[in-house]
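Take the points one at a time and find each residue as you go.

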Amino acid sequence: MKKQLQVGILGFGTVGSGVLSILKHHENKISQVTGEELNVKKVLVRNTEKNRGALSEGIKLTTDAAAILEDPEIDIVIEVMGSIEIAKDYITQALRAGKHVVTANKDLIALHGNELVALAKEYHCDLYYEASVAGGIPILRTIVDSLASDNIQKVFGIVNGTTNFMLSEMTNKNKTYEEALKKAQDLGFAESDPTNDVDGIDAARKMVILTRLAFGMNVELDQIETRGIRNVKLADIEMAKRLGYRIKLIGSAVGMNDSSVHVDVGPVLVPENHPLAGVQNENNAVFVVGAAVGETMFYGPGAGALPTATSVVSDVITVAKNIGLGTTGNVFNSYQHETTITEDKAVESKYYIAIEMQDQTGRFLELTTIFSKSAVGFDQIIQQPLPEASAKVVIVTHTMNKIQQKAVLSTLKETEGMKLLACFKVMEGK
């Protein structure tokens with residue numbers, strides 16, 4: 001006879017309603033796959049009087065989290081309410097009460113994941129968070145299960161749907177940054193305060209999680225060079241097209257031969273024939289490069305009620321299976337490695353650098369001298385005249401390391417008559 005597992009859900013917003021919908025509509029399949037029956041007993045809401053239709057029938061709605069966290073009958077707690085500190089407190093209480101936890105909270109896992117993983121192990125509970133990165137794409141489980149035998153060398157890609165939507169609008173429809181942001185907000189892809197998305201913070205937090213699982217290293221947010229898209233102009237988009245590239249916000253974690261890792265987030269010129277260049281709108285795409293498997297790509301919706309809820313419910317199914325087999329006490333990954341950040345001299349890339357300068361005799365020689373002093377060569381140079389006896393110079397450099405890049409940028413900023421407009425990484429492969 002199948003055991004009925006009781007489930008409590010913290011949050012009844014977009015993702016929470018999606019989770020409940022999948023659990024109800026896919027009930028038979030889930031029961032067959034897990035060998036258990038799942039019953040949603042209680043859901044934490046802000047307002048119990050709000051009409052939620054047939055979806056909430058037969059379920060107790062409560063505004064008191066303790067009604068779920070202290071209910072001895074509830075086996076699994078699903079956290080989809082967002083926030084950080086409150087969610088951490090609730091998940092901590094759930095784990096200490098012996099309840100298994102599934103969460104979609106990327107901010108929480110990025111900032112406090114290690115602490116919660118340790119707590120889950122201490123109380124022999126499962127803790128899963130597939131939905132915290134790339135929405136409906138099963139990227140975390142792929143890394144820790146399907147690629148567990150491989151030596152992962154690099155994880156990189158588009159992990160923020162809001163900025164990818166905005167850059168798609170700028171690239172395909174010639175919208176300014178401000179116009180693209182407004183449309184993203186109107187469609188619900190961007191918050192009224194878009195800071196976390198447009199400044200790259202959301203992507204950086206996801207890279208913390210991906211780095212932890214792929215390399216076993218606990219990289220802190222302040223160790224990730226993070227830049228967003230606020231300074232990406234239509235002029236940069238058009239120039240990138242002219243050069244054969246598309247600009248995308250890319251998160252990247254690269255393992256080096258000395259067992260160090262370099263993690264960064266920022267706008268990157270992606271060759272137009274690279275698969276990432278064709279990832280449009282709110283979609284995400286993540287590449288995982290392994291020593292044995294080579295290059296693999298995972299693509300799909302990075303947000304949305306049902307895609308994210310699908311990942312949440314997949315974690316719930318895993319927990320239910322573990323309960324049935326008596327093998328609980330699992331977390332995503334137990335792989336750990338000493339965290340070492342790659343030194344600047346070993347971090348190499350080509351760069352797109354745009355400069356505005358006075359159009360005077362000898363000025364271009366001065367510019368080339370700045371680069372030559374740091375032993376940096378040019379791959380491409382384009383000069384465009386501007387009003388008032390000035391010019392815009394766009395340079396795609398040869399590969400240089402971070403020490404060289406920092407020296408060049410510092411000198412450009414200090415040189416009278418020159419104004420640094422943009423500096424973006426350029427992906428190899430063109």
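1. At what angle do helix α2 and α12 pack, and how far apart are their axes? Keep in mind that this is a predicted model. Helix α2 covers residues 27–34, and the angle at which α2 packs with α12 is about 40°. The axes of these two helices are 9 Å apart. Angles under 35 degrees would count as roughly parallel, and α2 and α12 are therefore oblique to each other. As for handedness, α2 passes α12 in a right-handed crossing.

2. Now have a look at who does the touching in that pair. On the α2 side you'll find I30, V33 and T34. On the α12 side, the contact is made by V313, I317, A320 and K321. Sort these residues by class and you get five nonpolar, one polar and one charged.

3. Next up is α13 with α14. Helix α13 runs over residues 363–373, and its packing angle with α14 is about 150°. Their axes are 9 Å apart. Angles over 145 degrees count as roughly antiparallel, and that makes α13 roughly antiparallel to α14. The crossing of α13 past α14 is right-handed.

4. Which residues of α13 meet which residues of α14? From α13 come L367, I370 and F371, and they meet V408, T411 and L412 in α14. Five residues in this contact are nonpolar and one is polar, with no charged residues.

5. Helix α8 spans residues 177–186, and its axis comes within 9 Å of the axis of α7. The two axes cross at roughly 130°. That makes α7 oblique to α8. Here, too, you can check the handedness by eye: α7 passes α8 in a right-handed crossing.

6. What does the α7 and α8 contact consist of? In α7, look for F165, M166, E169, M170 and K173. In α8, the partners are Y177, A180, L181, K183 and A184. By class, this contact has seven nonpolar, no polar and three charged residues.

7. On to the spaces in the model, beginning with the largest pocket. Its volume is about 1,500 Å³. The lining is made of 45 residues, and the closest to the pocket centre are T14, V15, G82, K106 and E191. If you select those five in your viewer, you'll know where to look.

8. Which elements supply at least two residues each of the lining of the largest pocket? They are α1 (14–25), α5 (106–122), α7 (161–173), α9 (195–198), α10 (201–215) and α12 (305–325). The largest share, three residues, is from α9. Class by class, the lining has 15 nonpolar, 18 polar and 12 charged residues.

9. The second largest pocket has a volume of about 470 Å³. It is lined by 22 residues, and K154, S252, V254, E348 and K425 are the closest to its centre. The elements giving two or more residues to this lining are the strands β7 (152–158), β9 (245–255), β10 (261–271), β13 (348–358) and β17 (418–426). The class counts for this lining are 11 nonpolar, four polar and seven charged.

10. How many cavities of 30 Å³ or more does the structure hold? The count is one. The largest cavity has a volume of about 90 Å³. Its lining is E225, R227, I250, D264, V265, G266, P267, V268, Y351, K402, Q405 and K425. The largest share, five residues, is from β10. Sorted by class, the cavity lining has five nonpolar, two polar and five charged residues.

Note on methods
Residues are numbered from 1 along each chain as its sequence is written. This is a predicted model: local features need pLDDT of at least 70, side-chain atom pairs count only at pLDDT 80 or more; totals for chains, interfaces and linings use all residues. Side-chain values use heavy atoms; hydrogens and water are left out. On a 1 Å grid over the protein atoms alone, a cavity is a set of points where a 1.4 Å probe fits but cannot get out, and a pocket is an open set with protein on both sides within 12 Å along at least five of seven lines; lining residues have an atom within 4 Å of a point. Grid points are joined across faces, edges and corners, and a volume is the space filled by probe spheres set on the points. Helices (H or I, at least four residues) and strands (E, at least two) are DSSP runs, numbered from the N terminus. Ala, Val, Leu, Ile, Met, Phe, Trp, Tyr, Cys and Pro count as nonpolar, Asp, Glu, Lys and Arg as charged, and the others, Gly among them, as polar. Axes are lines fitted to C-alpha atoms, for helices over the stretch in contact, and angles run from 0 to 180 degrees between N-to-C directions. Angles under 35 degrees count as roughly parallel, over 145 as roughly antiparallel, 65 to 115 as roughly perpendicular and the rest as oblique. A crossing is left-handed if the near helix is turned anticlockwise from the far one by less than a right angle, and right-handed if clockwise. Contact means heavy atoms within 4.5 Å.
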